[in-house]
Amino acid sequence: MIRFENVGVRYGNGPEILRDISFELEEGGFAFLTGPSGAGKTTLLRLMYLGLRPTRGLIHMFGEDIATLPRRRFPDMRRRIGVVFQDFRLLDHLTTFENVALPLFVDGKRPSEYADDVMELLSWVGLGDHANAYPPVLSGGEKQRAAIARAIVGKPRVLLADEPTGNVDPALARRLLRLFVELNRLGTTVVIATHDHQLLNAAPQARIMTIRDGRLTMTAGGTP
Ligand code: ADP
C-alpha cells in the first residue's frame, strides 16, 4: 500500500534530513513512527500525504509512483488519505460539525446526504454535544478529536496522524488510541507519529518505525 525505496529529503541546500529510507506498509497495518524531536517524523508524514516530494528515491502509494504522478491526480490520491495535523488546522469560523464535514462538502456532497453520518461520527469521538460549537471554545482534547473526525469522515484507506495525543492527558490519550485501533480493525491502515512511549506500549501489535540520524529502522510488530 505504501512503499518507499531509498528515499532522501533535504530542505533547500541543507543537509539530508532523511537518508535512504526504504520500507513497506501493508494494507490494514498499524505503525507508530517515532524518534527524537527534529528526527524527521513530520517530514516522513508529509511525503506520505503528498505535501512534499522526495529529493531522491521512489514512493509508491496505492500502487502508483508519486514522483511521476501528475498534479491533477493529487486530489484523487489525497481523498484516500486522512491526515491529523499536529496543529489541528480547524477553521475557526466554521462549527465543529462544518469542520468535520468539510472534506465531504468540498467533494460536492450535500449536507442532507451526510448530516446523519457526521453526527454519528461526532458522537463516536465524544463530540456529539459540541456539533454547533466553534473551535475557539473547544478544549485542546476536543479540537484534537474534531481533527481526527475530519480526517476519517471520508473513510480514507490510510490515516496519518502527527502527535495526535500531544495535547491531551494520559487518560484521553488512551481513549484516542482506542479510536485508532478500532478504525484499524475496520480496515484503515494507520500511521501515528509520536514520541509518547506509553502510547507505544499500549498497542503491542503495532509495527514501530524509528527515525534516528536520518535513517529508519522498523520492527516487525507482534500479534494483538
Ligand atoms: P520531527 O517531526 O521528528 O520533530 P521534522 O520532520 O519536523 O521532525 O523536522 C526534521 C528536520 O527538518 C528538523 O531539523 C527541522 O528543523 C527541519 N525542517 C522541517 N521542516 C522544514 C522546512 N520547511 N524547511 C527547512 N527545514 C525544515
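Phe4 stands opposite Ile59 in strand β4, and in this predicted model the bridge partner of Phe4 in β2 is Phe23.

**Strand pairing around β1**

- Strand β1, which covers residues 2-10, pairs with strand β2, residues 16-25, in the antiparallel sense, and six bridges hold this pairing in the model.
- β1 and β2 form a hairpin in which five residues lie between the two strands, and Gly12, placed in the turn, has a positive phi of about 60°.
- β1 is also joined by five bridges to strand β4, residues 56-61, and these two strands run antiparallel.

**The largest pocket**

- The largest pocket has a volume of about 1,200 Å³, and its lining is made up of 33 residues, with Arg150, Ala151, Ile152, Val153 and Gly154 lying nearest the centre.
- The elements that each give two or more residues to this lining are α2 (74-78), β6 (81-84), α3 (96-106), α4 (111-124) and α5 (140-152).
- Helix α4 gives the most to the lining of the largest pocket, contributing five residues.
- Sorted by class, the lining of the largest pocket has 19 nonpolar residues, together with ten that are charged and four that are polar.
- In general terms, empty space of this kind is shown by rolling a probe the size of a water molecule over the atoms.

Definitions and conventions: Residues are numbered from 1 along each chain as its sequence is written. This is a predicted model: local features need pLDDT of at least 70, side-chain atom pairs count only at pLDDT 80 or more; totals for chains, interfaces and linings use all residues. Side-chain values use heavy atoms; hydrogens and water are left out. On a 1 Å grid over the protein atoms alone, a cavity is a set of points where a 1.4 Å probe fits but cannot get out, and a pocket is an open set with protein on both sides within 12 Å along at least five of seven lines; lining residues have an atom within 4 Å of a point. Grid points are joined across faces, edges and corners, and a volume is the space filled by probe spheres set on the points. Helices (H or I, at least four residues) and strands (E, at least two) are DSSP runs, numbered from the N terminus. Ala, Val, Leu, Ile, Met, Phe, Trp, Tyr, Cys and Pro count as nonpolar, Asp, Glu, Lys and Arg as charged, and the others, Gly among them, as polar. Two strands pair if DSSP finds at least two bridges between them.
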